[in-house]
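Biologist: I have not looked at this one before. Can you take me through it, starting with the pockets?

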Amino acid sequence: MKTVAVIDYGMGNLHSASKALEYVASSDTRVKVTADPKIIQQADRVVLPGVGAIRDCMAEIRARGVDDVVREVVENQRPLLGICVGMQVMLSHSEENGGVDCLGLMPGRVKFFGRGLVDEAGEKLKVPHMGWSPVQQHRYHPLWKGIEDNARFYFVHSYHAHANDDGMAVGRCHYSVDFDVALARDTIFAVQFHPEKSADSGLKLLENFLNWNP
């Protein structure tokens, strides 16, 4: 029996993420929502979700020792999927809450969209960036298998990511500015959007993650 650990550190959309994973999982795969380091360390695959302010997320991650567990998962080369704030915490630093240092597993920064945003037609754009937006597949990755380029995914965020290394950027989006929405490095894949809320394309990405053998 294969296991997928969805990390519970008190700051994630755990129910919808776990249910979406269960929906696409094969009969020999078990999805576990857990805060137990031993279960996470023994899992075949790990998912790090996240919602809310980065300061609160990082405080809980460090208080519960999730930072050490996630680093061990990466060191042991097991597939790791970060979702939304779970992607942002992978980077080095976020501007949110006056500036917060993150896990630094993927060098880069998280920036505020700003105010007074407009689109190409001069129409005002709201922050947070909320709703369905097309994602450009900036580079090939196995998790894009069966997903059309510029397929729409569901977003809810006020801060956006920029990787230091363009080679890590496998998906991009435009909302007044261009920003990275899918990052990949070794056994890590992280997305700003919510695949569990992104209909068929999101479910396909989760299915690809469960079948990914980096």
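Predicted model: local features only at pLDDT ≥ 70, side-chain atom pairs only at ≥ 80, totals over all residues.

Biologist: How much space lies in the second largest pocket?

Modeller: About 160 Å³. Its lining has 4 nonpolar, 5 polar and 4 charged residues.

Biologist: And the largest pocket, how much space is there?

Modeller: About 210 Å³. The largest pocket is lined by 15 residues, with Gly-52, Val-85, Val-156, His-157 and Ser-158 lying nearest its centre. Helix H5 (85-88) and strand E9 (152-157) are the elements that give two or more residues to that lining.

Biologist: How do the residues of that lining divide by class?

Modeller: For the largest pocket, into 7 nonpolar, 6 polar and 2 charged.

Biologist: Changing topic. How many aromatic pairs does the structure hold?

Modeller: There are 9 aromatic pairs. One of them is formed by Phe-112 and Tyr-159, a tilted pair with 5.2 Å from centre to centre and 45° between the planes.

Biologist: Where do Phe-112 and Tyr-159 sit in the chain?

Modeller: Phe-112 is in strand E7, residues 108-112, and Tyr-159 is in strand E10, residues 159-163. The two are 47 residues apart, so this pair links distant parts of the chain.

Biologist: Is Tyr-159 buried or exposed?

Modeller: Tyr-159 is buried, because its relative accessible area is 16% and the cut-off for buried is under 20%. Phe-112 counts as partly exposed, at 27% relative accessibility.

Biologist: Which residues do ring pairs link into a cluster?

Modeller: Trp-144, Phe-153, Phe-155, Phe-189 and Phe-193.

Biologist: On to charges. How many salt bridges are found in the whole structure?

Modeller: The search finds 7 salt bridges. Among them is the one between Lys-19 and Glu-22, whose closest N and O atoms are 3.5 Å apart.

Biologist: Where are Lys-19 and Glu-22, and what separates them?

Modeller: Both are in helix H1, residues 14-24. They are 3 residues apart there, so about one helical turn separates them.

Biologist: What does Asp-56 form a salt bridge with?

Modeller: With Arg-55, where the closest N and O atoms are 3.9 Å apart. Asp-56 is partly exposed at 36% relative accessible area, and Arg-55 counts as partly exposed at 46%.

Biologist: And which side chain meets Asp-166 in a salt bridge?

Modeller: That of Arg-172, at 2.4 Å from N to O. Asp-166 is partly exposed, with a relative accessible area of 33%, and Arg-172 is partly exposed with a relative accessibility of 22%.

Conventions
Residues numbered from 1 in each chain as written. Heavy atoms only, no water. 1 Å grid on protein atoms, 1.4 Å probe; cavity = no way out; pocket = protein on both sides within 12 Å on 5 of 7 lines; lining within 4 Å. Points joined across faces, edges and corners; volume = space filled by probe spheres on them. Helix = DSSP H or I, 4+ residues; strand = E, 2+ residues; numbered from the N terminus. Nonpolar A, V, L, I, M, F, W, Y, C, P; charged D, E, K, R; others polar. Phe/Tyr/Trp six-rings, centres within 6.5 Å; stacked < 30°, edge-to-face > 60°. Buried < 20%, exposed > 50% of the residue type's maximum accessible area, 1.4 Å probe, protein only. Salt bridge = Lys/Arg side-chain N within 4 Å of Asp/Glu carboxyl O.
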